[in-house]
Amino acid sequence: MMTWVKLGWIGCLVGWASVALGADAPIQRAAQARLQLKPLEGSELFDGFAVNLDGSWMDPGEAKDAGRDVSFPIDVWRWCEATIRFTPREDGRVELHLSGPWEEAEPGVVWRQEVLWDDVSAEGTDLVNGDFSKGVEGWTSPWSAYPEKNDWPLEGEARGASWLGRPLVQELELKKDRPVVLHFEAMAALPKGERKMVRMDEPTPAHAVAEKLVRGVNLGNCWEAPVDSWGVTFGVEDIDRIADAGFDHIRVPVGWHHRWEDGEISPKLLDALEPVMRRALQRGLWVMLDWHGYAELTAEPDKHEGAFVEGWEKISRHFRDWPKELMFELLNEPAERLQGERLNRLYEKTLKVVRAENPGRMVVLDPGRWASADELGQLWIPEDEKRVMVSFHAYDPFPFTHQQASWVHYEDVREVRFPGPPRDARSAPSSHPELQAWFRDYSDPTVEPNPSSLATVTRLLEKAREWSQVFGRPVHLGEFGCVRQADPESRSRYARGVRSAAEERKIPWCWWEWKVGFGVVDLETWKPYLLDELTGE
């Protein structure tokens, strides 16, 4: 999962001589803006350091080498704001660096991800030309040439532009005990030749489908597993219990890349899968059929995208005569090297083969970075695609939802409550020093909002709702959930809280998952754990 505020300090360009940072670096749209404060004089300059995004203050904790490094999500379709506050413990000077994210296109080559800046302002210190009305007067722009006013990414606008290989730098003077507030507005620059999403001004057939969906559950930990490995089984009795409980749709993860025999869909898979899906349709459930866990594709898209598109051609052909209530979700949680424009191109190519057999089928698309709501602005959907819904995932607050989860190495993260703070102060386990700041704020009753609270999820829901309204595309919360190792009362509050927050925003949702580690019911006894929280009044 991705963290929405990142704090650290790289200090200097250690090892950067071995990577490409020139203006000819490959270009990709930025998903984050980055700013750094590097002390030139003084070593204890940042007392009470906190960051405000979307109206909520966070204390990111101590950073290395006395500096501060903050990254925050940005979009291409709106200006995003961030505010920093601190009180200098002594007189001193710092360099403010406006930059962009570090992300390698390939080993030794860093993406050029241009970030646009505007309305950079300061209280408690002097900052000049923060609106860039005078170009870059007052700022230095080292390492590579600054673009001309009418060149990309400025294109005639009065704003600043920076990326990792060409930061904008200004020196600030700080006075002991004089509070400093820095405010920033940033936006991702749309790379030349990249297509911009078109708003759908009228409701689409996808909106009509989304209105039929309210609450769903994932049939996880079964068909996405490699053959004869881990995983449970599902039968028609599971579907009957799901339908009787009041769910209206299911999501069916399948690791199709594990399930080919002689180049076709495995008959053994279909023998197990199809009776369950048919029963769901008979019981009035919508079915979202998902390609799940294709790690090889996300790591090496050039090598595997042909097999992916060909796979969907076969899936689409096989299910072309199934009822309209069967939906196709093309790819679960794209990440790593498969995101941004590369993901958009793959979706476009795959949609064409799906539409050849299923012109009226509902299709679901996940944004990049593990289906993050912060990546919705990176998506491009063809204007003529009226039967597309977009699904995002939300597992915040992660130390709560994934405590003791071995697959994320959280075995030592225990007894995290929801919402915080806990009765007794807690500290991060020694195995996870990166969680020290999180646990400190979690234990502090004065921190608002607490990092283990519903606010961490509502931020994502609000962003998805806003994106949906701006572009006229329906959204779906495809995964959220909490491990059963959490205490039952906290788990109950989490499930009820997220469900209510999604439904208040008219976002259909799908809990992960039915009967295993995040289960709604017990695998062996069918004992209900969260049925009332998820389906009751």
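Tutor: Domain bounds here come from an automatic or database domain assignment. On that basis the protein chain splits into domain 1 (32–188), domain 2 (205–413 + 453–535) and domain 3 (419–452). The model is predicted, so local features need pLDDT of at least 70, side-chain atom pairs count only at pLDDT 80 or more, and totals for chains, interfaces and linings use all residues. Residues are numbered from 1 along each chain as its sequence is written, and side-chain values use heavy atoms, with hydrogens and water left out.

Now the interface of domain 2 and domain 3. Their centres, taken over C-alpha atoms, lie 30 Å apart. Contact means heavy atoms within 4.5 Å. By that rule, 11 residues of domain 2 touch 11 residues of domain 3.

Next, the area. Buried area is the accessible area (1.4 Å probe) that two parts lose on being put together, summed over both. For domain 2 and domain 3 this comes to about 850 Å², with 66% from carbon and sulfur atoms. On the domain 2 side, Pro-399, Asp-412 and Ser-453 lose the most area to domain 3. Together these three give 46% of what that side buries.

Four residue pairs are in polar contact between domain 2 and domain 3, both residues at pLDDT 80 or more.

Which elements carry the domain 2 side? Helices (H or I, at least four residues) and strands (E, at least two) are DSSP runs, numbered from the N terminus. Those giving two or more residues to the side that touches domain 3 are α8 (398–401) and α10 (455–471). That side of domain 2 holds six nonpolar, three polar and two charged residues. The classes are: Ala, Val, Leu, Ile, Met, Phe, Trp, Tyr, Cys and Pro nonpolar; Asp, Glu, Lys and Arg charged; the others, Gly among them, polar.

Pro-397 sits in the loop between β21 (388–393) and α8. The peptide bond from Asp-396 to Pro-397 is cis, with omega near -5°.

Notes. Polar contact = N/O pair within 3.5 Å; in protein donor to acceptor, adjacent residues only side chain to side chain.
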